[in-house]
Amino acid sequence: MSTTRKSPPRSRSKATEPPFRVRRSKIHGRGVFATQPIRGGRRIVEYIGERVSHPEADRRYEDKAADDAHTFLFIVDAKTVVDAGVGGNAARYINHSCAPNCEAVITGGRIWIKSLRNIEPGEELHYNYRIGRCKDDPPDADEIYGCRCGAPRCRGTMLVGRRRRQPR
Ligand SMILES: [Zn+2]
């Protein structure tokens, strides 16, 4: 056996560190904020967590769903939901906005948070959750999924489509 040089220490340049950190947000709870300039069109972070079936996701949160909009479920497709409540990373703290600077892109069954435009350090990252409506939503679903993103054209809800006017 020959003695070889040790490989050089792995560079910890800024480029390899995540360009964001988690801290308190005015929108809701914790949020994710840029710590470096982020160019538009960049994959910032993967939304990870345990991959479960829809029935399993429903089972996990059936008691909470009605009054707690803040689970960490992300629907990948008709078969799979990612539950970032189990093994999730910082991506689960990215808030919803009606005027987002990021989008969630699903490629090959994986979810990526991608910048829609250049983002300055200190800006909060957000994407449009586009939460679908269900027939069995409670009448106050828009309030449960209320949005306080502060955008001039904030829709006041994270749910897609028309607001329900009256309880059924
Ligand atoms: Zn909003």
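**Close-up 1. Strand 8 and strand 9 form an antiparallel pair.** Six bridges join strand 8 (residues 102-107) to strand 9; strands are DSSP E runs of at least two residues and helices H or I runs of at least four, numbered from the N terminus, and two strands pair if DSSP finds at least two bridges between them. Look for Glu103, whose bridge partner in strand 9 is Lys114. Two residues lie between the strands of this hairpin, where Gly108 takes a positive phi near 55°. This is a predicted model: local features need pLDDT of at least 70, side-chain atom pairs count only at pLDDT 80 or more, and totals for chains, interfaces and linings use all residues. Residues are numbered from 1 along each chain as its sequence is written, and side-chain values use heavy atoms, leaving out hydrogens and water.

**Close-up 2. Three strands make an open antiparallel sheet in the order 4-6-5.** Strand 4 (50-53) and strand 5 (73-75) stand at the edges with a single partner strand each, so one side of each has no neighbour in the sheet. From one strand to the next, the twist averages 35°. Three bridges join strand 5 to strand 6 (residues 80-83), and Phe74 has Val82 as its bridge partner in strand 6.

**Close-up 3. Glu124 sits in the loop between strand 9 (110-115) and strand 10 (126-127).** Here the side chain of Glu124 makes a polar contact with that of Asn95 (2.8 Å); such a contact is a pair of N or O atoms within 3.5 Å, and within protein one must be able to donate a hydrogen and the other to accept it, while residues adjacent in sequence count only if both atoms are side-chain atoms.

Definitions and conventions:
Axes are lines fitted to C-alpha atoms, for helices over the stretch in contact, and angles run from 0 to 180 degrees between N-to-C directions.
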